[in-house]
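Hi everyone, thanks for making time for this. Let me put the structure up on the screen, and then I'll walk you through it.

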Amino acid sequence: MRSLAYLLLRLYPRAWRDRYGDEMRDLLAARPVRLRTLADLCFAALDAWTHRKLIPSGRSSFLQPVPLLVIGACAPRPRSH
């Protein structure tokens, strides 16, 4: 499923992938990828296209970490026993 998650990153706008792609791949590598993760990636890609004008284009902005924080907050957490 991890390879499918990496493929889903291609659904995001190029500016988003250029800015957040490496961080997102690192996040996906560090966490279990489940069906919910894939669904979150699809919905977040739709959101990124809907709000693509808000994606920083190489300049510094206080909004840069927001999408990753949102995605990270929605990602499933490993259960502790």
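A word on the ground rules. This is a predicted model, where local features need pLDDT of at least 70 and side-chain atom pairs count only at pLDDT 80 or more, while totals for chains, interfaces and linings use all residues. Residues are numbered from 1 along each chain as its sequence is written, and side-chain values use heavy atoms, with hydrogens and water left out.

So, what does the secondary structure of the chain come to? We have four helices and zero strands, which read along the sequence as α-α-α-α. Helices here are DSSP runs of H or I with at least four residues, strands are runs of E with at least two, and both are numbered from the N terminus.

Of the 81 residues in the chain, 31% are buried. By buried I mean under 20% relative accessible area; exposed is over 50%, and partly exposed is in between, with a 1.4 Å probe and protein chains only. The accessible surface is about 5,900 Å², and 60% of that belongs to carbon and sulfur atoms; the areas come from the Shrake-Rupley method with a 1.4 Å probe, and for residues only the protein chains shown count as cover. Among contacts with a separation of 6 or more, 79% join residues 24 or more positions apart, a contact being heavy atoms within 4.5 Å.

Now please look at helix H3, residues 35–50. Its 16 residues reach 23 Å from first C-alpha to last, close to the 22 Å expected at 1.5 Å a residue; that expectation is 1.5 Å times one less than the number of residues. Which residues of H3 are buried? They are Thr37, Leu38, Leu41, Ala44, Ala45 and Ala48. They cover an arc of only 125° around the axis, so they sit on the same side of H3; the arc is taken from the directions from the helix axis to the C-beta atoms. On the face turned away from that buried side, you'll find the exposed residues Leu35, Arg36, Phe43, Leu46 and Thr50.

On to the core. A nonpolar core here is a set of buried Ala, Val, Leu, Ile, Met, Phe, Trp, Tyr and Cys residues joined through side-chain atoms within 4.5 Å. The largest one has 14 residues, of which Ala5, Leu9, Tyr12, Trp16, Leu28 and Leu41 touch the most other members. Helix H1 (2–8), H2 and H3 each give two or more residues to this core, and H3 provides the largest share, with five.

Next, the aromatics. The whole structure holds two aromatic pairs. Tyr12 and Trp16 are stacked, at 4.0 Å centre to centre and 25° between the planes. The rings of Trp16 and Tyr20 have centres 5.4 Å apart and planes at 50°, so that pair is tilted. For the cut-offs, rings of Phe, Tyr and Trp (its six-membered ring) pair if their centres lie within 6.5 Å; planes under 30 degrees apart are stacked, over 60 edge-to-face, and the rest tilted. Trp16 and Tyr20 are four residues apart in helix H2 (residues 14–30), which means about one helical turn separates them. Tyr12 and Trp16 are buried, Tyr20 is buried too, and the three form one aromatic cluster.

Last, two single residues. Arg25, in helix H2, is partly exposed at 35% relative accessibility. Not counting residues up to four places away in sequence, Arg25 touches Tyr6 and Leu9. Ala39, in helix H3, is partly exposed at 32% relative accessibility. Ala39 and Ala5 are 34 residues apart in sequence and 9.5 Å apart in space, C-alpha to C-alpha.
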